[in-house]
Each structure stands twice: as C-alpha cells, then as structure tokens.
Amino acid sequence: MSPEERKRRVHQHIDLSWGKGRLALAEQLQSKYFRYKSSLILQTVDSAGFALIIRRIRSAVPDLEVVVEECLADGDKVITSSTLFGTLVEPVFGYPPSGKILSVAAMSLWTFNPAGDIEELNTLFDLESTRQQLGMESAFPVTLPPI
C-alpha cells in the first residue's frame, strides 16, 4: 500500500467513525488486533472500546465536525493533525455540558500492518485547552515566572 493510499484510508476512517458514526464500516478498515490509545482514557482499548468512545462523544456533541489540517505518511505510519468542533450538550468523560462550541486540537499516529489495515491509533487531545474553553480549573496549576 502506497503512502497516498494509507492517507486516503485514514481520511476514510475519520469520516466513517468521527464524522458519520458508521462504526461497523470503520471497523472494516482496522486490523483484528486493532488497539486505540488516547489522552481521554487511561487504558488501551480494542475496536469495541474505540466504538464506545466514539458513540459517547458523538452523543454528547451531536454537531461534531472533524477537520484534518495535516496528513503525513512515512513507511507504515500516518500522522494527522486535526481539530474537532462541536457543541457539548451532555456530560462526557468528566466534561460538563456548556452549550458552547468547542474547538479541540488532536494529533494522531496511525500504524498500519503489512495488509494495509489500521493496527494501532494513538491520539493526543489538547485537554487543557478544552478545560479552559469550558471555564474549568486547570489540571496543571503551574505558572512560570516571567523571564
């Protein structure tokens, strides 16, 4: 599979899962050994756990949109820089509903197996910015002195 084909597969996976909630179709792009790691949760999950996370977020943010700003491929890896937009109307993962449109940056590392299936997905969400947008107290109360 060429780098361009892997990038297309990543875009398709994002559109099917986050964009449309078509989780059974997205799962067809994943290896049977698929693993998902994220800054949203402490443990690594399989396809079923990934689907649960997507369902919860899409339920809490019904107008969810994902914009992929950058998509780079090298070898068996693809890296995406994305922004998730939407209105948080239900609590999810400890975040209270706000009725405000949130903008959450995310960086993801996608690893493919030799068959071209997504084997692993690691996503880092900018949760501190999310907390600030919701008016929540910072999880990191460190303030550096002026330089």
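Q: How many cavities of 30 Å³ or more turn up in the whole structure?
A: The search finds 3 of them. Please note that this is a predicted model.

Q: How much space lies in the largest cavity?
A: The largest cavity holds about 280 Å³. Its lining consists of 17 residues, and those closest to the centre are Ile57, Val61, Val92, Val104 and Thr130.

Q: Which elements each supply at least two residues of that lining?
A: They are β3 (77-87), β4 (101-112) and α4 (127-133). The largest share, 3 residues, is that of β3.

Q: And what is the lining of the largest cavity like by class?
A: It has 15 nonpolar residues and 2 polar ones, with no charged residues.

Q: Moving on, what volume does the second largest cavity have?
A: Its volume is about 120 Å³. The lining of this second largest cavity comprises 13 residues, and nearest its centre lie Ile14, Trp18, Ser82, Ser108 and Thr123.

Q: Which elements give two or more residues there?
A: For the second largest cavity, these are α1 (3-19), β3, β4 and β5 (118-125).

Q: How do the residues of that lining divide by class?
A: The lining of the second largest cavity has 9 nonpolar and 4 polar residues, and again no charged residues are present.

Q: Turning to the strands, is the pairing of β4 and β5 parallel or antiparallel?
A: β4 and β5 are antiparallel, with 7 bridges. Within this pairing, threonine 111 has glutamate 120 of β5 as its bridge partner.

Q: What about the hairpin that β4 and β5 form; which residue takes a positive phi?
A: That residue is glycine 116, with phi near 90 degrees. The hairpin has 5 residues between its strands.

Q: And in which sense do β1 and β5 pair?
A: Strand β1 (residues 30-38) runs parallel to β5, and the two are joined by 5 bridges. Here arginine 35 stands opposite glutamate 120 of β5.

Q: Finally, what does the pLDDT of the chain average?
A: The average is 94, and 97% of the residues score at least 70.

Q: Where in the chain is confidence lowest, and where is it highest?
A: The lowest mean, 90, belongs to α4, whereas strand β2 (residues 65-74) has the highest, at 98. As noted above, α4 is also among the elements that supply at least two residues to the lining of the largest cavity.

Note on methods
Residues numbered from 1 in each chain as written. Predicted model: local features only at pLDDT ≥ 70, side-chain atom pairs only at ≥ 80, totals over all residues. Heavy atoms only, no water. 1 Å grid on protein atoms, 1.4 Å probe; cavity = no way out; pocket = protein on both sides within 12 Å on 5 of 7 lines; lining within 4 Å. Points joined across faces, edges and corners; volume = space filled by probe spheres on them. Helix = DSSP H or I, 4+ residues; strand = E, 2+ residues; numbered from the N terminus. Nonpolar A, V, L, I, M, F, W, Y, C, P; charged D, E, K, R; others polar. Pairing = 2+ DSSP bridges. pLDDT = per-residue confidence, 0-100.
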